[in-house]
Amino acid sequence: MFLRILRRSLTINKKRKALTISVVALGTGVIAALLSIALVIGDRLEQELRTYGANLEVVPAVDSLRIEINGVDYSNTARGAYLDERQLPKIKTIFWRHNIVGFAPFLPVMGSLKDNGRTISLVGTWFEKPMPAEDEPDFRTGVKIVYPYWQVEGRWASDDSSVSEAMIGAKLARVLNLANNDHFTTEVNGRFQRFRIVGIIRSGGVEENQAFVQLAVIQKLMNLPHKIKKIQISALTIPENKKARKDPAIMTPEEYEKWYCAPYISAIAYQIMEVISNSRAKPILQVAESEGVILSKIKLILLLIAIASAGASILAVASGMTAIVMERRSEIGLLKAIGASNRQVEALFLAEAGMIGVFGGLIGYGLGLFLAQIIGKSSFNITAPFNPAVALITIILAVIITLLGSLFPLRSVAALEPVVVLHGQE
Amino acid sequence: MFKRILLKSILRRKRHIGLALAIVIVGTSVVAALFSVFSNVDVKMSRELRRYGANMVVLPAQPPLAGSPTAESQISEKELKKIAGALNRPQVVAWIPLKYQVVVINGSKQAVLVGTNFENMVRVKPYLRIEGRLPRNTEDRGLLVGVEAARKLGLKIGERVQLGSGSSNLRESQTFQITGLVKSGASEDNRLFANLMPVRKLLKSTSIDVIMASVIGGMQSIEQLRQTIEAVAPRVRVEPVLKIAKSEGQLLNRISALSLIAAFIILTITTIAAMATIQSLITERRMEIGLMKVLGARNISIIALFASEAGIVALTGSLIGYGIGIALAQIIGYSAFGTSIDLNPVVFVTVLAIGFLIAVPGVPFFIKKITKIEPANTLRGEY
């Protein structure tokens, strides 16, 4: 009997059912869309924030104090401690190797121009050197990867040391009155070297005062084979919490393992120190510290959007259900008049609401996935994949919302007097 | 007569009107809250992104590359005053003058000394980690030492040091006291920081090397400031720090695109859901319409009655919804950004429009329905 009434009430008056289902679908669709986006946006945001450049710097563990103003190093680079260039590929073998976006070695020296004796700051580095790693055969790294914000007029220099090309900062180019394709000869360590300028760098930073040349050329001039002064690394990290700030030396074995296996900046720095001998890796706070805060702000905004829309959807569905129950007062009156108990009437309505919820949730997830693609594509260029967990959550949520929405109006069912309702009075 | 029916219809059908009102309030409050937040999100995020530090620099015409500075490679005190005036704007969060010099510490080792303004330095570079305290006022001969410099030179908080300019001639030196250590993971770690005034006295020079500023509003504001500054001090150059400014612009564009689209979708869906619900309430009133027609009401007066009823619901609902919405927006503003959300008149107009859109759903469709109702059929209960 119950089932028959239920089936009848679902098959007749399809229009009204369709309306309710669409209200539920629309409401849960927004929730499903935001959930789908929230699941994938974290990784994408981290990559986005890598445009701020390196967030880790590795320097020799023991070295003299650097005396440097505006990118010009006044300390004597020929002395002091160095890192070994040959250990660089090991950076791509650490536990979090996939989170290493790129790195670049540096060896700065002072040179004097042959023409006018002016002192200039030369920096030996890698531009975009191929460095096949075990599971990333086309991995390339160098300043082009680490400093995506450099604006280059001309082109990036080659890493092939047989052609001795240079990229020079815009300010240096202006002061020396040099342009692309010009040559300059500089004296370093008593030896002369001629460079061809292929690119002018604009960055608004100290790079504009420097000339970047191939690392191998500087190493040869200085007689410092395989020596480098520092490494800058761009790594994908997650914001550190209080526990992650603890000194690894005083962590319990469990804490240590947890920390080591999370892409915290401190954990990555620690793992790099393990593979580069006599080194000290330190987070560049300007980038590393701000990144965490910004990331959590953006996620908070997303969460607030999701909560606001979930709230709105719940209320919209609830009011839709209320409208339906109100509309069916005379039906309820009739059911009661022919002997249905309050309980039976309520069960009937809840069963109906449950089914509406399931259908609404299913359609809602489909709609949500579609909306997620639109939102994702047009903002962060991400695609939200099908996720069974989100689908399940959406359907469950749809059922809960519909049931909650029906509960409130059903409370008045008991108070309905069949005679009054059937008579049509309010 | 019309007024009486309208009044009665609203008063007698409290439950229905209440429900319709609730739907309008829910719809409009969500729209008001989200639109208020999103119309502010780029300004707020721009302020948040100032954590990354200075995004604009003011440089002398010809910055020193190496060797001793010349008048060309410095910003004079007179220019500094003019630039300070131009930088006194609400979009400038903070700015600092910087004066660099290699100094001799205690007559032996060398390090880079930076003269600046501490109060503003921590605002321009909020990522600095400071241990100890900052020198007090702008005259105080306190010294903030980079962690690397402290380690390598063996300096400690509270210690007094002799700083000499250029040579190791101690007669030229002055005493500073270390008040704190500073850490950034970058060049600051290798330097010493002091107030600009005592540094000027020590170096016997009033000019400075560079000005760094933290500006909200992205590249556009930087461009405006560039024009203002270069107008008052033609010899200097103003440049964006690309590392910060370029990334910031990109990120802000993405975030505003995201919030705009999300807001638009939520707006559409809330409106549709609310409209659908209200519509189901109207179909219920066929009987009433039929009765009115039987009693001789013309279509136009029935439409007028329903339209004014819906209008009252829309107006009341949107006003309440707007109130709730902006309260919600403030809660979001404080929890996400720690500041209030500015009110935007456009949001109010939008909310009012949405309110009417919800409460007067598909008016033409509705009119068609009313005119089509046959009293006899409807009253008998047929559809």
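## Two separated domains

The centres of domain 1 and domain 2 of chain A, taken over C-alpha atoms, lie 56 Å apart. The model is a predicted one. Domain 1 of chain A is made of two stretches of sequence, 2-45 and 294-423, while domain 2 covers residues 55-283.

## Overall form of chain A

Chain A contains 12 helices and 16 strands. The C-alpha trace of chain A spans about 110 × 50 × 35 Å along its principal axes.

Of the 426 residues in chain A, 45% are buried. Among contacts in chain A with a separation of 6 or more, 79% are between residues 24 or more positions apart.

## Where chain A meets chain B

On the chain A side, 69 residues are in contact with 68 residues of chain B. Several elements of chain A each supply at least two residues of this side. The helices among them are H2 (14-49), H4 (170-176), H8 (285-327) and H10 (342-379); the strands are S2 (68-69), S6 (119-125) and S16 (279-283).

Helix H8 of chain A gives the largest share of the side that touches chain B, with 24 residues. By residue type, the side of chain A that touches chain B consists of 35 nonpolar, 22 polar and 12 charged residues.

Note on methods: Residues numbered from 1 in each chain as written. Chains lettered and ligands numbered in written order. Predicted model: local features only at pLDDT ≥ 70, side-chain atom pairs only at ≥ 80, totals over all residues. Domains from an automatic or database assignment. Contact = placed C-beta atoms within 7 Å. Helix = DSSP H or I, 4+ residues; strand = E, 2+ residues; numbered from the N terminus. Nonpolar A, V, L, I, M, F, W, Y, C, P; charged D, E, K, R; others polar. Buried ≥ 20, exposed ≤ 12 C-beta atoms within 10 Å, placed from the backbone.
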